[in-house]
Amino acid sequence: MTIIYSSFVKLFSQAAFIFFAIPFAACGQQAQPINQTKTFEKMTQVKQEDANMDRMRATDTATFAAGCFWCVEEQFKQLKGVISVTSGFTGGEVANPSYKLVCTGTTGHAEACNIVYDPSKISYDELLAAFFVAHDPTQLNRQGNDVGTQYRSAIFYHNDEQKKLAEYYIHKLDEEKAYANKIVTEVSPYTVFYKAEDYHQDYYDNNMQQPYCQLVIKPKLDKFRKVFKGKLVDDK
């Protein structure tokens, strides 16, 4: 009886894992990979003249929305020159929204990340390249099974130069058919950023064994690290 019971529990656990894993895995696999076109290669090259000019500024900020901020945060944290990544909300009308409220899709906010970086070590062009690898910018108001305007693809520019670069690269990537479908990324001015609740910060690091982290974030992270090998914090 004990053996039968133990076998039943084991089979039930395996079935339950598969049942819950399928939607997570599907979410992680639906993104279109970017074709590494000439424009993409150009984006990943540090412009030395820009780096020299930017040394006068100790830090700069990029703000991107690319689906679930748990995934986005961890990917950008991998890059050399990125100082901090904060998960939060921007682009909406409601002040100081909670995660629960943003998830209703009624606030106008997108899940986003504020990325503070050292412009002498990593360029905005390179961060844009990372943005286009970190998610599928051809999906309108969704990323895989995460559906709603809060999961939209968006670049919130802090100055005219960021706006110019974002629009230029979107045009060039579309022109070169970097994706099978057209990019639908919104390019909007940065206004205000609301930091998400503390448990959203460093989510992957603090919840590494959770199914979502293992089945969605880790595969994306592995692909991201492969593309940006040589530009990672832990590269020798």
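Predicted model: local features only at pLDDT ≥ 70, side-chain atom pairs only at ≥ 80, totals over all residues.
Rolling a probe the size of a water molecule over the atoms shows where empty space is left.

Now turn to helix 7. This helix runs over residues 160-175, 16 residues in all. From its first C-alpha to its last, helix 7 reaches 22 Å, close to the 22 Å expected at 1.5 Å a residue.

Which residues of helix 7 are buried? They are Gln162, Leu165, Ala166, Tyr169, Ile170 and Leu173. These residues cover an arc of only 125 degrees around the axis, so they sit on the same side of helix 7. The spacing fits a general rule. An α-helix has 3.6 residues a turn, so residues three or four places apart point the same way.

The buried residues of helix 7 have several packing partners. Among the helices, they pack against helix 2 (38-43) and helix 6 (124-134). Among the strands, they pack against strand 1 (60-66), strand 3 (110-117), strand 6 (153-157) and strand 7 (186-189). The face turned away from the buried side carries Asp160 and Lys164, both exposed.

Finally, look at the two ends. At the start of helix 7, a side-chain oxygen of Asn159 comes to within 3.2 Å of the backbone nitrogen of Glu161. Just after helix 7, Lys177 adopts a positive phi of about 55 degrees.

Key. Residues numbered from 1 in each chain as written. Heavy atoms only, no water. Helix = DSSP H or I, 4+ residues; strand = E, 2+ residues; numbered from the N terminus. Expected span 1.5 Å × (residues − 1). Buried < 20%, exposed > 50% of the residue type's maximum accessible area, 1.4 Å probe, protein only. Arc of directions from axis to C-beta. Contact = heavy atoms within 4.5 Å. Polar contact = N/O pair within 3.5 Å; in protein donor to acceptor, adjacent residues only side chain to side chain.
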